[in-house]
Amino acid sequence: MKALTVALVAVLFGCVFGLDQTLTKHWKLWKELHSKKYFDAEEHVRRSVWESNLNLVQTHNLQADLGQHTHWLKMNKFADLTSEEFVKQMNGFNMSLRTNQQMDRHEFTRSSNVKLPDTVDWRDQGYVTDVKDQGQCGSCWAFSATGSLEGQHFKQAKMLNSLSEQNLVDCSTAQGNQGCNGGLMDQAFQYIKENMGIDTEDSYPYEAVDNQCRFKKDTIGATDTGFTDIKTKDEEALQEAVATVGPISVAIDASHPSFQLYSHGVYNEIFCSQIRLDHGVLAVGYGTDSGKDYWLVKNSWGKGWGMDGYIKMSRNKRNQCGIATAASYPMV
């Protein structure tokens, strides 16, 4: 009996040792893939977080394969961050920054007889620039704003200009925005109106840090005359706007690990809030996938996140994640 016990302990130790070796190998491969380097003390902390997220991803995806979820997760470049760290670094939509100053705001008017298509994807029509990457800067609001204006400028001028988020980060503080510490799309549109334009990406490239304003009027890529807000929490109004206007700036609750590590499928997060919004993104279309209605959303975390930088978010599920709570677009 003693010999059998010793043998079982040896087998279990070998399994644990083998599992640890496999994890270490995967950890090293993940670090190489995402060009991650840590100080000695940080290495242990990051690996511990990474292993916790790996367990979350594996468990969730097994359940998704069994039909319990409609979306899958992956170990992307954010897998070494806790949810709290991630939200602090990446999510910069902040409704508390809204000012009481007079702005050129209009209300979206719905049509009584418009027939909307079942599927919309403005990428197919040339309205959408390539996916960008905000880096470790809470400037999502700027990327959402430029994305919507890029689409409206294309609609009017038939020219797709990539616009400068750095211009907004550096220069729209008078309208209430705080650069990498957060902002609002409406206030970005207001700045562009008052400034009589925004520079192109090429002339004012993105730096992912707050800097001095260096706007130049001779390198303007687009202008606007104010902005239009869509009725809050009204997904039908948002659908009509997306279908008839173009890409729309929207704010969402992106504070969950399921969003941080999203891979593909129709995102469905029952704990999402309609009012605690922390991330600005761009609704570029909508449709239905395997019987699930979705919004097609462009993010600003690079092409390695989600579906080449995009996510399908649940549509017609009582304004899940607040996608219709603070939607707007610029007027040109």
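Over the ring of which tyrosine does the charged end of arginine 123 sit? In this predicted model, the ring is that of tyrosine 310, with the charged end of arginine 123 lying 4.4 Å from its centre.

**View 1. Charged side chains over tyrosine rings.** Besides the placement of arginine 123 over tyrosine 310, the view includes lysine 312, which lies over the face of tyrosine 294 at 4.7 Å from the ring centre. The UniProt annotation "domain: Peptidase C1A papain C-terminal", from an unreviewed entry, covers residues 116-331.

**View 2. The stacked pair of tryptophan 27 and tyrosine 38.** The structure holds 19 aromatic pairs, and one of them, formed by tryptophan 27 and tyrosine 38, is stacked, with 5.7 Å from centre to centre and 5° between the planes. Tryptophan 27 belongs to helix 1 (residues 2-33), whereas tyrosine 38 lies in the loop between helix 1 and helix 2 (40-65), so the pair ties together parts that are 11 residues apart in sequence. Both tryptophan 27 and tyrosine 38 are buried. In the unreviewed UniProt entry, the annotation "domain: Cathepsin propeptide inhibitor" covers residues 27-86, and over residues 27-86 the chain is 62% helix and 5% strand, with the end C-alpha atoms 19 Å apart.

View 3. Tryptophan 301 and tryptophan 305 form an edge-to-face aromatic pair, 5.2 Å from centre to centre and with 85° between the planes. Tryptophan 301 is buried, its relative accessible area being 0%, and tryptophan 305 also counts as buried, at 1% relative accessibility. One aromatic cluster is formed by Phe78, Phe86, Phe259, Tyr262, Tyr267, Trp301 and Trp305.

**View 4. The disulfide between cysteine 137 and cysteine 180.** The count of disulfides comes to 3, and one of them is formed by cysteine 137 and cysteine 180, whose sulfur atoms are 2.0 Å apart. The torsion about this S-S bond is about -95°, so the disulfide of cysteine 137 and cysteine 180 is left-handed. The pair links distant parts of the chain, 43 residues apart, with cysteine 137 in the loop between strand 3 (120-121) and helix 4 (140-157) and cysteine 180 in the loop between helix 5 (165-171) and helix 6 (185-195). Both cysteine 137 and cysteine 180 are buried.

**View 5. The disulfide between cysteine 171 and cysteine 213.** The sulfur atoms of cysteine 171 and cysteine 213 are 2.0 Å apart and form a disulfide, which is right-handed because the torsion about the S-S bond is about 100°. Cysteine 171 lies in helix 5 and cysteine 213 in the loop between strand 4 (198-199) and strand 5 (220-222), so that this pair, too, links distant parts of the chain, 42 residues apart. Cysteine 171 counts as buried at 10% relative accessibility, whereas cysteine 213 is partly exposed, with a relative accessible area of 43%.

View 6. A disulfide joins cysteine 272 to cysteine 321, with an S to S distance of 2.0 Å, and its torsion of about 80° makes the disulfide right-handed. Cysteine 272 is buried, as is cysteine 321. With bonded cysteines counted along the chain, the disulfides follow the pattern 1-3, 2-4, 5-6. Cysteine 140 is in no disulfide, the nearest cysteine sulfur being that of cysteine 137, 9.0 Å away.

Definitions and conventions. Residues are numbered from 1 along each chain as its sequence is written. This is a predicted model: local features need pLDDT of at least 70, side-chain atom pairs count only at pLDDT 80 or more; totals for chains, interfaces and linings use all residues. Side-chain values use heavy atoms; hydrogens and water are left out. UniProt positions are given in the numbering used here, feature names are shortened, and annotations may be inferred rather than shown by experiment. Rings of Phe, Tyr and Trp (its six-membered ring) pair if their centres lie within 6.5 Å; planes under 30 degrees apart count as stacked, over 60 as edge-to-face and the rest as tilted. Helices (H or I, at least four residues) and strands (E, at least two) are DSSP runs, numbered from the N terminus. Buried means under 20% relative accessible area, exposed over 50%, partly exposed in between (1.4 Å probe, protein chains only). A charge sits over a ring if NZ of Lys or CZ of Arg is within 6 Å of the ring centre and within 35 degrees of the ring normal. A disulfide is a pair of cysteine sulfur atoms within 2.5 Å.
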